[in-house]
Amino acid sequence: MIIRFGYVSHALSLYNCSPAKTLTFTRYKALDRDERLEKLIYVTSQNIENTYRALHYNVGQQIPLYRMSSSMVPLATHPDVEFDYINIFHKQFKEIGDFIKKHELRVSFHPNQFTLFTSDKPHITDNAVIDMEYHYKVLEAMGISDESVINIHIGGAYGNKELAIQRFYENIKKLPTHIKKQMTLENDDKTYNTTETLMVCKNEGIPLVFDYHHHMANLCEEPLEKLLPLIFSTWEHTYLKPKIHISSPKSEKEFRAHSDLIDLDFIKPFFDIVRFIGSDIDIMIESKKKDIALLQLMEDMSKWRGYKRISGGMIEVT
């Protein structure tokens with residue numbers, strides 16, 4: 001059994017390497033008309049360069065998974081901003097995609113919590129479609145749209161989960177089929193638990209990205225030993241390995257908040273179940289210290305009996 005690991009967007013070990021440098025609309029409007037495009041290009045070029053730097057770092061550290069920042073292109077979906085970022089950065093996007101394919105990396109996107117399909121307000125759904133289209137276009141420009149996923153949550157309950165889920169089924173029809181094919185859904189820590197998310201995934205043919213921390217914060221009745229094989233089965237129609245998110249609570253009081261590193265005692269029960277199932281999986285670490293937390297976890301897990309570190313970000317379990 002092979003477990004591959006990755007982290008989220010910002011390689012903290014690299015100097016000044018944020019791939020999510022921002023340009024607010026307020027700041028954008030304050031600029032002269034001629035300066036606006038120049039500033040957009042400048043900030044986006046920095047984000048793309050830092051994404052590329054992180055990917056090179058990941059190859060050097062043998063880290064096979066990476067979540068790219070949704071903020072790579074600032075104001076990309078703002079209705080009052082015209083920015084032909086795909087054509088302007090066509091060469092850079094292709095270079096990144098070629099690098100990802102050459103080194104067989106697995107990358108993904110995770111839009112923010114406002115990208116949801118449960119609202120009764122049509123403009124919310126329309127904006128969600130626009131945001132999903134943005135993420136897909138970037139992946140397409142990189143030439144990796146068929147092998148990368150865009151992960152979101154189901155959305156809000158608005159006081160009635162059953163009605164909200166019915167709206168999800170209706171609203172998701174607005175999403176183009178080729179984009180829906182690349183989307184995944186994640187169980188969350190407050191509203192839709194693992195069982196509820198699994199139901200929606202099975203009904204819509206969408207893979208489920210299981211978040212263990214969220215699961216522990218929002219438990220359902222079914223035991224994890226029963227749920228995980230069902231979750232893994234939602235990936236069977238893809239050629240991708242099931243993907244998992246792990247993190248640890250910051251404290252008992254702030255249970256839902258992410259800690260800097262991974263607490264081994266918190267995650268060990270999950271790995272005991274996964275080891276028994278024996279399926280290869282990919283894991284995204286969502287700790288605050290990102291790549292530093294990942295490398296520390298590799299050191300710690302390699303001390304467990306039956307867990308052998310075989311590369312910078314890969315463990316073999318026997």
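Okay, housekeeping. Since the model is predicted, local features need pLDDT of at least 70 and side-chain atom pairs count only at pLDDT 80 or more, while totals for chains, interfaces and linings use all residues. Residues are numbered from 1 along each chain as its sequence is written, and side-chain values use heavy atoms, with hydrogens and water left out.

Let's start with the whole chain. You're looking at 12 helices and 10 strands; helices here are DSSP runs of H or I with at least four residues, strands are runs of E with at least two, and both are numbered from the N terminus. The radius of gyration is 20 Å, close to the 20 Å from the globule rule for 318 residues, so the chain is as compact as a globular protein of that length. That radius is taken over C-alpha atoms, and the rule is 2.2 Å times the number of residues to the power 0.38. Along its principal axes, the C-alpha trace spans about 60 × 50 × 40 Å.

How much of the chain is buried? Buried residues make up 53% of the 318. By buried I mean under 20% relative accessible area; exposed is over 50%, and partly exposed is in between, with a 1.4 Å probe and protein chains only. The chain exposes about 15,000 Å², and carbon and sulfur atoms supply 49% of that. Those areas come from the Shrake-Rupley method with a 1.4 Å probe, and for residues only the protein chains shown count as cover.

Contact means heavy atoms within 4.5 Å.

Now the strands. β2 and β3 pair in the parallel sense over three bridges, and β3 (residues 106-109) pairs with β4, also parallel, over two bridges. For us, two strands pair if DSSP finds at least two bridges between them.

Zoom in on Y66, which is in β2. At 2% relative accessibility, Y66 counts as buried. Its bridge partner in β3 is V107. Setting aside neighbours within four places in sequence, Y66 touches a list of residues that includes Y7, P19, T51, R106, V107, S108 and M284. Y66 and S247 are 181 residues apart in sequence, and their C-alpha atoms are 15 Å apart in space.

Moving over to β3, which way do its residues point? R106 and S108 go one way, V107 and F109 go the other, and all are buried. In a regular strand the side chains alternate between the two faces of the sheet. Then S108 has V149 as its bridge partner in β4. Strand β4 (residues 149-153) is mostly covered, with four of its five residues buried.

On to charges. Side chains of opposite charge can pair when their charged atoms come close. How many salt bridges does a search of the whole structure find? The count is 12, where a salt bridge is a side-chain nitrogen of Lys or Arg within 4 Å of a carboxyl oxygen of Asp or Glu.

Take E286 and R67, whose side chains meet at 2.7 Å, N to O. E286 sits in the loop between β8 (281-285) and α12 (290-301) and R67 in strand β2 (residues 65-67), so the pair ties together parts 219 residues apart in sequence. E286 is buried, at 11% relative accessibility, and R67 is buried too, at 9%.

Next, E204 and K180, with the closest N and O atoms 2.4 Å apart. E204 is in helix α8 (residues 194-204) and K180 in helix α7 (residues 177-180), so this pair links parts 24 residues apart in sequence. E204 counts as buried at 19%, whereas K180, at 22%, is partly exposed.

Then K250 bridges to E254, with the closest N and O atoms 4.0 Å apart. K250 is exposed at 53%, and E254 is partly exposed at 40%. There's also a network: salt bridges that share partners join R4, R106 and D282.

Last stop, the surface. L12, L261 and I292 make a nonpolar patch of about 220 Å². Patches are made of residues with over 30% relative accessible area and no salt bridge, joining like charges within 9 Å and nonpolar side chains (Val, Leu, Ile, Met, Phe, Trp, Tyr) within 5 Å. L261 is in the loop between β7 (243-246) and α11 (264-277), and at 36% relative accessibility it counts as partly exposed.
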